[in-house]
Amino acid sequence: MPTPAVSPASILRVALPSPLRRLFDYLPAARAPACGWQPGLRVRVPFGHREVVGVVIELADTSELPRHKLRAVSEALDDTPLPADWRWLCRFAARYYQHSLGDTLHHALPARLRQGFPMAGRTHTLWRRHPDAPEAPDFGRATRQAELWELLGQHPYGLPTRAITAHGLTHDVLNRLLHKGLLERREVETAAAGSAGGSLLATPALPLNQEQSDVLAALHERLADFHPCLLEGVTGSGKTEVYLQLIEAVAARGQQALVLVPEIGLTPQTLSRFRQRFNAPVLALHSGLTDAERLDVWEAAASGRARIIIGTRSAIFTPLANPGAIIVDEEHDGSYKQQDGLRYHARDLAVARAHYHGIPVVLGSATPSLESLHQALGGHYRHLHLTQRASRHPPARLELIDLRHRRRQGGLLPDAVKAVKATLDAGKQVLVFINRRGFAPTLACHACGWMAECGQCDARMTLHRAPPLLACHHCDSRRGLPDACPDCQSGDLRALGSGTERSEETLQTLFPDTVIHRIDRDSTRRKDSFEQALREIQRGEPCLLVGTQMLAKGHHLPHVTLVVVVNADGGLYAADFRAMEHNAQLLEQVAGRAGRAADPGRVLVQTLHPDDPHLTLLAERGYGALARELLEERRLAGLPPCGFMALLRVESPHVDAATALAQSAAAALGDWLTQTDTRARCLGPVPAPMERRQNRYHLHVMISADRRSRLHAAASFLTQWLEASIEARRVRWSLDIDPQTLA
């Protein structure tokens, strides 16, 4: 039943795109929307010297300001409120992540809705033969009309205008047949144009092995209530097929499924597989869409026409008319954490949203995050396992190769080169994994030791060969290669270390007749270049793949039987306490690209630390054993997920200003913790691991607690103190709840 219009005396409290954690009071516009004034309506309001789009949050009878000082809403933009589930999620995210509600709503809305466009998807015209038209009209000498008639006879459901004009037929021909009563046209939604007729499945489901059947049965047991599950399945164990058959059950109930994937690069292959399986509309949401396309998908999901939505991190804010399940694939992936602005984690919001709707949520990974594993081992999530690969080959174990005191060529040891040759000779493919872009990590002078350093960051510049330049991968500054050392004028400048370009060059020299695909952010800048490379790789011809972690995330490479990790030590001894977890996940994921089809796989891992106990445990007993040991270490140290953490990041071009604010904030928080006897800890301030970045100085203040409620109480005090501080207005700061990196 619609909410009646409020009286003219009521006040509208509106959330606006502002960092201020408050609502703004306005008087209603003279013209009320059809539904009356109520929460959830978008409104255009005067704000300072401009007009902005906001969302009505609540109605009130009074305001802190006198009524004559309140400005009126310019206009209501909608006749119905924004979806209730979407509004709940935004309020939850703003509260949990200590963020402005107005900014949160602004982030979660499609760009066109933020700009004031109508909340409706686009439509397009479909042309088809009129059902009452004769079977064979006489067109006489009008050959173009006859041609159009024959074309539409091949498409009984109709053709869009652009498809007809692509055949060389004009609008004039269309209009002539329409005037004769031979054609009809209808407007259909651009996204999710219609539900499937007949069978839900376009292709039959694949047979499941016993483990997959058991997992699916466990998921079916509680389709109608909140049921968080961690699906831990080795790479290639058929997790996607379980997802597909779960979604089939959800869609058969007339409900919608939301599937999150970590990277835009995974969206096309996932979308293709889902569309091949289902007749129901399957839509994608990711950063590659235009603003208009994003609104089309958003509206189709909110209306219920879109039965299956696949998207990256921000898709968690997609409204659903009839939600049935949420799936988070590769749930461990760091891409699910937003690193600026509203610093939300899509995986955690997925669990909160599933709880709100009372629906199952499946978190799938071969290398679960310690957060999810901790919840599963503690009995809060159901822990499901897939230990067998569809290929029936066991996952390849890591073979550690000692790099110490051995000569390398392009980063590769002779043992690795020999294994690559044998694999190529057998007609198979090889993946050489090196998580460094460019030719070499730095350029150095062999005479005096000078190294090319970034002028804006505490970092060395990476040497690139194509085109030749020095680039900082932190601030993206670039400069040309020097002819001589700037310090001693020596011409003996040498590249130190290896990146993807150098490994590619070396392998091309060693294997001149072999096709090499380099996959990194530099080589895949052109639109669709990544997808095109994957299509060529999946043809199965012998080739070498040289790539960064772009290739490690969920891609099915059935013809790869050998993986060579050029250097496994990048994350072993970093300052971040999560470094070992993330490094182990990356190694296990890239190892999972080998041996996914008929032939077994092999993984060679080059390392300067073959005796490291964590690395040895990973190689001998796998990720599961290492994860449990890391969990015990975290428990003893009180670190997440066995404790809770928030991180205050302070940055400024002036180190004194950043230091002063960080020290004042830490002191104020320390006093408050003592006075209130809130059992939380304040550590810092300390410089960030990279203190100077983009010519700004970065400092950290850390809050930790053994209970989430204590952490949020301290975080709430700190945000209020910072908002009231005059110092904080001159320095950039942000509070990160549950930070995933200390950078």
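Buried here means under 20% relative accessible area, exposed means over 50%, and partly exposed lies in between, with a 1.4 Å probe and protein chains only. T506 belongs to helix α14, residues 500-510. Helices (H or I, at least four residues) and strands (E, at least two) are DSSP runs, numbered from the N terminus. Not counting residues up to four places away in sequence, T506 touches Q409 and G410, where contact means heavy atoms within 4.5 Å.

A word on the basis of these values. This is a predicted model, in which local features need pLDDT of at least 70 and side-chain atom pairs count only at pLDDT 80 or more, while totals for chains, interfaces and linings use all residues. Residues are numbered from 1 along each chain as its sequence is written, and side-chain values use heavy atoms, with hydrogens and water left out.

I turn to the protein as a whole. It contains 20 helices and 30 strands. Its radius of gyration is 29 Å, close to the 27 Å that the globule rule gives for 743 residues, so the protein is as compact as a globular protein of that length. That radius is taken over C-alpha atoms, and the rule is 2.2 Å times the number of residues to the power 0.38. The C-alpha trace spans about 85 × 75 × 60 Å along its principal axes.

How much of the protein counts as buried? Of the 743 residues, 53% do. Among contacts between residues at least 6 apart in sequence, 75% join residues at least 24 apart. The protein exposes about 33500 Å², and carbon and sulfur atoms supply 49% of that area. Accessible areas come from the Shrake-Rupley method with a 1.4 Å probe; for residues, only the protein chains shown count as cover.

Next, a buried arginine. R578 sits in the loop between β25 (560-565) and α16 (579-591). Why does R578 count as buried? Because its relative accessibility is 3%. Which side chain does the side chain of R578 meet in a polar contact? That of E371, at 2.8 Å. A polar contact is a pair of N or O atoms within 3.5 Å; within protein, one must be able to donate a hydrogen and the other to accept it, and residues adjacent in sequence count only if both atoms are side-chain atoms. Leaving aside neighbours within four places in sequence, R578 is in contact with E371, R634, P640, P739 and Q740.

E371 leads us to helix α12, residues 370-377, whose buried residues are L370, E371, S372, L373 and A376. These buried residues pack against β9 (227-233), α11 (346-357), β14 (360-365), β15 (382-386), α16 and α18 (623-637). Just after α12, G379 takes a positive phi of about 85°.

P640, one of the contacts of R578, also takes part in a cis peptide bond: the bond from P640 to P641 has omega near 10°. P641 is found in the loop between α18 and β27 (644-652). P467 lies in the loop between β19 (462-465) and β20 (468-471).

Positive phi values also occur outside glycine. H405 has phi near 60° and is placed in the loop between β16 and α13 (414-425). H405 is exposed, with a relative accessible area of 85%. Q694 has phi of about 55° and lies in the loop between β28 (680-693) and β29 (696-705). Q694 is partly exposed, at 45%.

D225 is in the loop between α7 (210-220) and β9, and at 32% relative accessibility D225 counts as partly exposed. D225 and I359 are 134 residues apart in sequence and 4.6 Å apart in space, C-alpha to C-alpha. Not counting residues up to four places away in sequence, D225 touches G358, I359 and P360. The side chain of D225 also makes a polar contact with that of R222, at 3.3 Å.

P394 stands in the loop between β15 and β16 (398-402) and is exposed, with a relative accessible area of 63%. P394 and S237 are 157 residues apart in sequence and 9.9 Å apart in space, C-alpha to C-alpha.
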